[in-house]
Amino acid sequence: MSDTATNSTTPKFTDLGLSESLLKAVRDKGYDTPSPIQAQAIPAVLSGRDVMAAAQTGTGKTAGFTLPLLQKLSSNKGTKVGTNNVRALVLTPTRELAAQVSESIATYGKYLNLHSTVVFGGVKINPQMMRLRQGVDVLVATPGRLMDLYNQNAVKFSQLEVLILDEADRMLDMGFIRDIKKIIALLPKHRQNLLFSATFSADIRALAKGLVHKPLEISVNPENSTAEKVTQWLMAVDKKRKPAVLTHLIKENSWRQVLVFTKTKHGANKLTKYLEAEGLTAAAIHGNKSQGARTKALASFKDGRVQVLVATDIAARGIDIDLLPNVVNFDLPNVPEDYVHRIGRTARAGNTGQAVSLVCADELNLLWDIEHVIQQHIERKTLDKFVPANALGESRAIRPLKAKRPKKVHQAGSNSKKTEHKDGQHLSKGHQTQSNRSNTNNKPAGNGGKPRRAKPYANKNTQGNTNKANP
Ligand code: AMP
């Protein structure tokens, strides 16, 4: 079946078989040593093997697949890439992650003569079609937009050499399984497959069965474990005092950069206004914001002009900020695995960080679910000033995790089971069921369960640019 890679002593980047052009780009980035996922994935990908890697965001997984991919494509540049063809396809669940992966490809490939581009929903399709016309070495795409482009004959796969699924677990959570299966069916049989996922759940294994061939399995994090370097604690508070508690924590502790998660878009907007009225600089990022507004908010947060970024789960996926020190769960997520994704925003690439949750009495069920998934109790702290009138109930004893029975993958993406978001974001039934089960007082995630169609708009900074890797 599959091999499992073992950790040995950490090699240097120069030991991994990368070309001088890539090593120079890595040096420019200031990386000293490869992260564990890079040390294992780079030689495996270069050898031509299929790879299944369980790695959360923050482990350096993007460079783990990008560096060897670029090396393979540049050393195998014999055949010219034809009109509308692509040689490597990277599928990601969200626009933000797609943009970020594309940025990494441009960064690491800056001394190579390769072309890459990125396509995702929510922006005009025509410029993307134009960029694909000349053919590209690497295409980064969200599944929904890729299918739209394929249906308009704007992309062809006959020259495809490598397929990469990034954050595959998230793509399944978001209901992309049908699109992914359709795309896989369009690809040449002979190709290399790389599958990256935060966890190897039963669903991921079912997907992998029809995808990877004798893969090398790499795991740098135990399933669903919260990053060890994240200090987690929670404060039991009354629901209506959460904004005041958050403001107090930010001001008292002089937090310079805080990523705050809310459950709904409306909640994100409301909280942002509150924080601004309290004299803090804040911005909201969620699915109702235009891609331009999202990009701007993220840039302001990264460069320190905005102190607090308030985000919903889907919008925050893919956010990568070096040294992000504070993550706050203003609302607990409906899906306990999202807690793991959220706190994975901090303590990235070996840094430390803290994740703070503000928990009100009617979120106790959600807290139980989270503590079960992370297999630990979250430390509770109190502030005399904010002792809740409605006390938060006790945590439950931690029960061992049971292995989940695999779902039938072919059903997961059927229309009857999902609420469709045209920009490539779906709410799967799993999310809604969880929400109904364990959430006592909230509406269906985000938009009241109504189908939502992203408005098309143009923004020249955000439609994705073709990266000519050689400056
Ligand atoms: P990723 O898990 O791919 O989202 O990467 C997380 C962060 O780690 C990004 O900010 C990268 O720039 C950074 N990173 C990736 N590889 C290394 C490395 N070898 N040394 C230090 N930082 C790295």
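Select helix 6 (residues 143–151) and helix 8 (residues 177–186): they pack at about 45°, and their axes are 9 Å apart. Axes here are lines fitted to C-alpha atoms, for helices over the stretch in contact, and angles run from 0 to 180 degrees between N-to-C directions. Helices (H or I, at least four residues) and strands (E, at least two) are DSSP runs, numbered from the N terminus.

Before going on, note that this is a predicted model: local features need pLDDT of at least 70, side-chain atom pairs count only at pLDDT 80 or more, and totals for chains, interfaces and linings use all residues. Residues are numbered from 1 along each chain as its sequence is written.

Stay with the helix pair and show the side chains. Pro143, Gly144, Leu146, Met147 and Tyr150 of helix 6 meet Asp179, Ile180, Lys182, Ile183 and Leu186 of helix 8; a contact means C-beta atoms, placed from the backbone, within 7 Å. Now pick Ile177, in helix 8. Is Ile177 buried or exposed? Ile177 is buried, because 26 other C-beta atoms lie within 10 Å (buried means 20 or more such atoms within 10 Å, exposed 12 or fewer, partly exposed in between, with C-beta atoms placed from the backbone). From C-alpha to C-alpha, Ile177 is 9.3 Å from Pro143, although 34 residues separate them in sequence.

Next, two residues in loops. Glu167 is in the loop between strand 6 (162–165) and helix 7 (168–173). Its phi is positive, about 50°, although Glu167 is not a glycine. Glu167 counts as buried because it has 25 C-beta neighbours inside 10 Å. Then go to Ser254, in the loop between helix 10 (242–252) and strand 10 (258–261). Ser254 also has a positive phi of about 50° without being a glycine, but Ser254 counts as exposed because it has 6 C-beta neighbours inside 10 Å.

Now colour the open sheet of seven strands, in the order 11-12-10-13-14-9-15, with parallel pairing (two strands pair if DSSP finds at least two bridges between them). Strand 11 and strand 15 (379–381) are at the edges with a single partner strand each, so one side of each has no neighbour in the sheet. From one strand to the next, the twist averages 25°.

Inside this sheet, select strand 9 (residues 230–236) and strand 14 (residues 353–359), which run parallel and are joined by seven bridges. Val230 is opposite Gly353 of strand 14.

Move to strand 11 (residues 282–285). Which way do its side chains point? Ala282 and Ala284 point one way, Ala283 and Ile285 the other, and all are buried. In a regular strand the side chains alternate between the two faces of the sheet. Strand 11 pairs in parallel with strand 12 (residues 308–311) over four bridges, and Ala284 is opposite Val310 of strand 12.

Finish at helix 14 (residues 336–343), where eight of eight residues are buried. Among them are Pro336, Tyr339 and Ile343.

Technical notes: Two residues are in contact if their C-beta atoms, placed from the backbone, lie within 7 Å.
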